[in-house]
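This briefing takes up the ligand and its surroundings, and then turns to a few individual residues elsewhere in the chain. Please keep the sequence and the structure in view while reading.

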Amino acid sequence: MDFDTLIERRGTNSTKWDMMEKLYGVSPKDGLAMWTADSDYATAPCVIDAVHQAADHGVFGYVWEYPKYFEAIQWWMKTRHSWEIDQDWILTSQGLGNAIALCLDVWSEPGDGAVIFSPVYHEFALKIKKTGRQVVECPLVREGDTYVLDLDDAQSRLTGSEKLLIWCSPQNPSGRIWTPEELRAVADFAERNDLVLVCDEIHHDLIFPGHDFVPMDIAAPDIRSRAVFLTAASKTFNVAGQRTGNMIIPDPERRASMQNRLNTLDYSASSLGLRIIEAAYSPEGAEWVDAQITHLNRNRQLFDKAVNAIPGLWSMPLQSTYLAWVDFSGTGMTPDEVATRIRDDAKIAVSAGPSFGVGGELFQRFNLATQGARVEDACARLTRAFSDLQ
Ligand SMILES: Cc1ncc(COP(=O)(O)O)c(C=O)c1O
């Protein structure tokens, strides 16, 4: 359970490190990659052992029914989230970006609207646009040190052409964990407007002490017929490159529509991806996740302390996720000026706040799923880059 030994990722075809120069203009030679949401430390030993065993067996042929994979997901949801699901409800996608695109494809037509609450994971809006649907963006409201919903405002933005609501819980960015009452209100909103409720719960495992995550299906079990729950081991176990996600669809007819589309596309899962999920969702995997949360909690405390000491900067207190959401509005700089300093002076590649939609304009998102030394380095770089504000 070592999260602090530096692991060289440059030159491994890592998107985060090997694409940072091309995408962000920050050289990996002396820059820090803190953008896309994967982690810089190795996954759980039980996952690595499973991959070794598969390699020792040496045969990577087709796989058919895979009961242990379904059992492992069911076990994880029950033991980690008190959520009872049937194994039959689970379909597999190539990650959750793929699952979101599939949901848009199956339950809406080009020109239809899809509702999102922003700022939110930028791929929601991109997927909606790329599939020829309309983004119906409903801003979250800053209240105290977090975001809240304004569902009356959201209601006023709807035109009647909306077919889906793509909901992020916990929220990326900001790490906001929604209360059961808020989840209930969102479910009622979906019901009132006859929307398919696509609940992206990919970040549900990395929850900081003092906070509790409640799955939408527990807060609002009565709306199952319109719900699709998306979960994955990818963020929790740093296995995003395996492109394996879960689409949990309780309603048989709704599930059949998605299964038909998967059949048409000739989609079937990667055997190694399934084996990895089976190994991850285990008691050993759970122990590793608990240790990871302790590590991330230290990282976020370190980061928040340093960033909040820089005049004009403010890091939103995270309830979950490793994605720090930093507000630069107190600097008085434009979004471009902030981005330039972070790129050219601090030499850090970050996820640009404006890409998360309305409300993200003066923010930047920093990925803290890295070694403590790298977080310290990032803090020192930011302090230097914005030192004239001290
Ligand atoms: C909320 C959310 N959904 C989906 C994804 C993408 O998941 P995948 O890599 O499985 O496509 C991410 C990745 O950061 C995410 O934060």
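The ligand sits in the largest pocket, and the account that follows describes a predicted model.

**The shell around the ligand**

- The residues around the ligand include Ala37, Gly95, Leu96, Gly97, Tyr121 and Cys168, together with Asn172, Asp200, Ile202, His203, Lys235 and Arg243.
- Sorted by class, this shell is made up of five nonpolar, four polar and three charged residues.

**Polar contacts and burial of the ligand**

- Gly97 takes part through its backbone, where a polar atom lies 2.8 Å from an oxygen atom of the ligand.
- Asn172, by contrast, takes part through its side chain, in which an N or O atom is 2.7 Å from an oxygen atom of the ligand.

**Arg9**

- Arg9 is found in the segment that precedes helix α1, which spans residues 15-18.
- Because its relative accessible area is 15%, and the cut-off for a buried residue is under 20%, Arg9 is classed as buried.
- The side chain of Arg9 is joined to the side chain of Asp38 by a polar contact of 2.9 Å.

**Pro45**

- Pro45 belongs to helix α3, which covers residues 45-57.
- With a relative accessible area of 43%, Pro45 is partly exposed, since this value falls between the limit of 20% for buried residues and that of 50% for exposed ones.
- Although Pro45 and Asp2 are separated by 43 residues in sequence, the distance between their C-alpha atoms is 9.9 Å.

**Met258**

- Met258 is part of helix α11, whose residues run 252-264.
- The relative accessibility of Met258 is 0%, and therefore this residue counts as buried.

Conventions
Residues numbered from 1 in each chain as written. Predicted model: local features only at pLDDT ≥ 70, side-chain atom pairs only at ≥ 80, totals over all residues. Heavy atoms only, no water. Near = heavy atom within 4 Å. Polar contact = N/O pair within 3.5 Å; in protein donor to acceptor, adjacent residues only side chain to side chain. 1 Å grid on protein atoms, 1.4 Å probe; cavity = no way out; pocket = protein on both sides within 12 Å on 5 of 7 lines; lining within 4 Å. Sits in = over half its atoms within 2 Å of the grid points. Nonpolar A, V, L, I, M, F, W, Y, C, P; charged D, E, K, R; others polar. Helix = DSSP H or I, 4+ residues; strand = E, 2+ residues; numbered from the N terminus. Buried < 20%, exposed > 50% of the residue type's maximum accessible area, 1.4 Å probe, protein only.
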